[in-house]
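The sequence and the structure are shown first.

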Amino acid sequence: MSLPAVEGVVPENLPDKDKVYFNDYATLVQQQGMLQDSVRTSIYQFAVLENKSDFTGQTVLDVGAGTGILSFFAARAGAKRVYAVEASGMARHAETLAKANGLADTIHVLNERVEDVKVDEGRVDVLISEPLGIALVNERMLESYIYARDHLLKPG
């Protein structure tokens, strides 16, 4: 039995295929499967925390943040601000988790597609994301990463 998606958060102006996609990622069961993959999650955590110098004092954008786990790692690594971009209803849970862990001042959850995001600083220092999903490359996020790189990442 799967838990219901968080309703009413996916923008209405999206094509139907995108609404289906984002509603799928709004389920806690979908996120649970990724988070319970301890090898996968711990490797991401290790990669971020072992490279603190890349995050300390930086502005980070987490593309497709889901529950915000990478945003948490970036905040723990010393990021001054993290934009957790999540178009699905999971953004509500990510925001709740950030507040509950005392990170609401650092992690700013944006419930929109990365292609619609505007950040206060104009551009960010670091992009981070989990491109592998639960079935290697099934998330079809490549276009979103390229958009984020070209429009939201500082040159160099």
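In this predicted model, strand β1, residues 59–63, pairs with strand β2, residues 81–85, in the parallel sense, and five bridges join the two. Within this pairing, Val63 stands opposite Val85 in β2. Strand β2 also pairs with β3 in the parallel sense, here over four bridges, and Val82 stands opposite Ile107 in β3.

**The sheet**

These pairings belong to an open sheet of four strands, ordered β3-β2-β1-β4, with parallel pairing. Its edge strands are β3 (107–110) and β4 (126–129), each of which pairs on one side only. From one strand to the next, the twist averages 20 degrees. In general, the strands of a sheet pair through backbone hydrogen bonds, in either a parallel or an antiparallel manner.

| Strand pair | Sense | Bridges |
|---|---|---|
| β1 and β2 | parallel | five bridges |
| β2 and β3 | parallel | four bridges |

**Helices beside the sheet**

Helix α4, residues 69–76, lies across β1, β2, β3 and β4, and runs at about 175 degrees to β2. Helix α5, residues 90–100, forms a right-handed β-α-β unit together with β2 and β3.

Which residues of α5 are buried? They are Met90, Ala91, Ala94 and Ala98. These residues lie on the same side of α5 because they cover an arc of only 100 degrees around the axis. An α-helix has 3.6 residues a turn, so residues three or four places apart point the same way. The face of α5 turned away from the buried side carries the exposed residues Thr96, Lys99 and Ala100. After α5 comes Gly102, with a positive phi near 70 degrees.

**The loop residue Lys52**

Lys52 is located in the loop between α3 (38–49) and β1. Is Lys52 buried, partly exposed or exposed? Its relative accessible area is 42%, and Lys52 is therefore partly exposed, as this class lies between the limits of 20% and 50%.

Leaving aside residues up to four places away in sequence, Lys52 touches Arg76 and Ala77. Lys52 and Gly78 are 26 residues apart along the chain, and their C-alpha atoms are separated by 6.8 Å.

Conventions: Residues are numbered from 1 along each chain as its sequence is written. This is a predicted model: local features need pLDDT of at least 70, side-chain atom pairs count only at pLDDT 80 or more; totals for chains, interfaces and linings use all residues. Side-chain values use heavy atoms; hydrogens and water are left out. Two strands pair if DSSP finds at least two bridges between them. Axes are lines fitted to C-alpha atoms, for helices over the stretch in contact, and angles run from 0 to 180 degrees between N-to-C directions. Contact means heavy atoms within 4.5 Å. A crossover is right-handed if, with the strands pointing away from the viewer, the path from the first strand over the helix to the second runs clockwise. Buried means under 20% relative accessible area, exposed over 50%, partly exposed in between (1.4 Å probe, protein chains only). The arc is that of the directions from the helix axis to the C-beta atoms.
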